[in-house]
Amino acid sequence: MTKPARLLCILSLLLMLTACIGIEKYGSADYYDHLVPEEIEVIMPPNAPYISEQFRYDGEKIHQGIDIWGKRGTPVLAAAPGKVSKSFYEPAYGHRIVIDHGLAPNGERLFTVYKHLDQRLAQEGEPVARGQQIATMGDTGALGMLVHLHFETMRWSKTKGEIYYDPHLVWMDGVGRVTCFEADKRYADAPFRTTYPVRCR
C-alpha cells in the first residue's frame, strides 16, 4: 500500500471513530451563516459544550435549531419545565422528544424539541422539571451524522401553525447569553426562558 493510501485509511478511521464516539469541545460557538439577516452575538460559558451550527431560516438554507456537540451518552436536559407531548423514533431525525411548555401571553403554545437522541428517558405525558435528564446524546436518524443534539424552540399558532425561532432569543440570562443549568439555583417559570439543554461540565 502506498503512503498516500495509508494516510487516507488512517484519516478515514479517525473520522469514523469521531462520528461514533463524539467530540468534546467547550466554551465556544460556530459563527452564523453570512446570509442570516439577524445574527445574534452569542456568549458561551467556558464550561458549556460547543455549538457547531447556528439557527438559519433564510428561505433557501434552513436549520431550525442549534447543534450541540458532545460524546455519546452525554445527558440531555429539559430546557424549561413542561410536559412531554411526544417521545418517538422516526427515520430522518432518529429518537426525538418534544416538550410542551404551555401558553405564551399571546395564546401561542411553546415547545422545545430534542433530536438525534441515543436514548429517550422521558415518555409522552410525563411532566418534567427544568434541568431534569430526559435523554442521552446520540446520532440516530439519517441526518445524525455525528454525535450531537439538535435543539429547537418552536411556537404553535392557530393561524400560522409551527413557527421556529432562534433558541438564542430565550436564554434565562438574556438574548445570546447561553445559560447553564445549576441545580441549586432558582429559576422563574415566567416569562418563558430556557437553560442549556446539555449538562455543562
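**Ground rules**

The model is predicted: local features require pLDDT of at least 70, side-chain atom pairs count only at pLDDT 80 or more, and totals for chains, interfaces and linings use all residues. Residues are numbered from 1 along each chain as its sequence is written, and side-chain values use heavy atoms, with hydrogens and water left out.

**Stop 1: the whole protein**

The order of elements from the N terminus is α-β-β-β-β-β-β-β-β-β-β-β-β.

Next, display the surface. Its accessible area is about 10800 Å², and carbon and sulfur atoms contribute 56% of this; such areas come from the Shrake-Rupley method with a 1.4 Å probe, and for residues only the protein chains shown count as cover. Of the 201 residues, 47% count as buried, a term that stands for under 20% relative accessible area, with exposed over 50% and partly exposed in between (1.4 Å probe, protein chains only). Among contacts (heavy atoms within 4.5 Å) with a separation of 6 or more, 56% join residues 24 or more positions apart.

**Stop 2: H116**

Select residues 109-120, which form strand β8 and contain H116. H116 has a positive phi of about 65° although it is not a glycine. Most residues other than glycine have a negative phi. H116 is also buried, with a relative accessible area of 2%.

**Stop 3: H168**

Move to the segment after β12, where H168 is placed. H168 is buried, at 0% relative accessible area. To see its surroundings, show Y32, I40, V42, I51, Q54, I66, G174, V175, G176 and V178, which H168 touches when residues up to four places away in sequence are not counted.

**Stop 4: the disulfide**

Select C180 and C200, whose sulfur atoms lie 2.1 Å apart in a disulfide, defined as a pair of cysteine sulfur atoms within 2.5 Å. The structure holds one disulfide. Both cysteines lie in the segment after β12, so the pair ties together parts that are 20 residues apart in sequence. The torsion about the S-S bond of C180 and C200 is about -80°, so the disulfide is left-handed. C180 and C200 are both buried.

**Stop 5: P191**

Finally, select A190 and P191. The peptide bond from A190 to P191 is cis, with omega near -5°. Most peptide bonds are trans. P191 is found in the segment after β12 (161-165).

Key: Helices (H or I, at least four residues) and strands (E, at least two) are DSSP runs, numbered from the N terminus.
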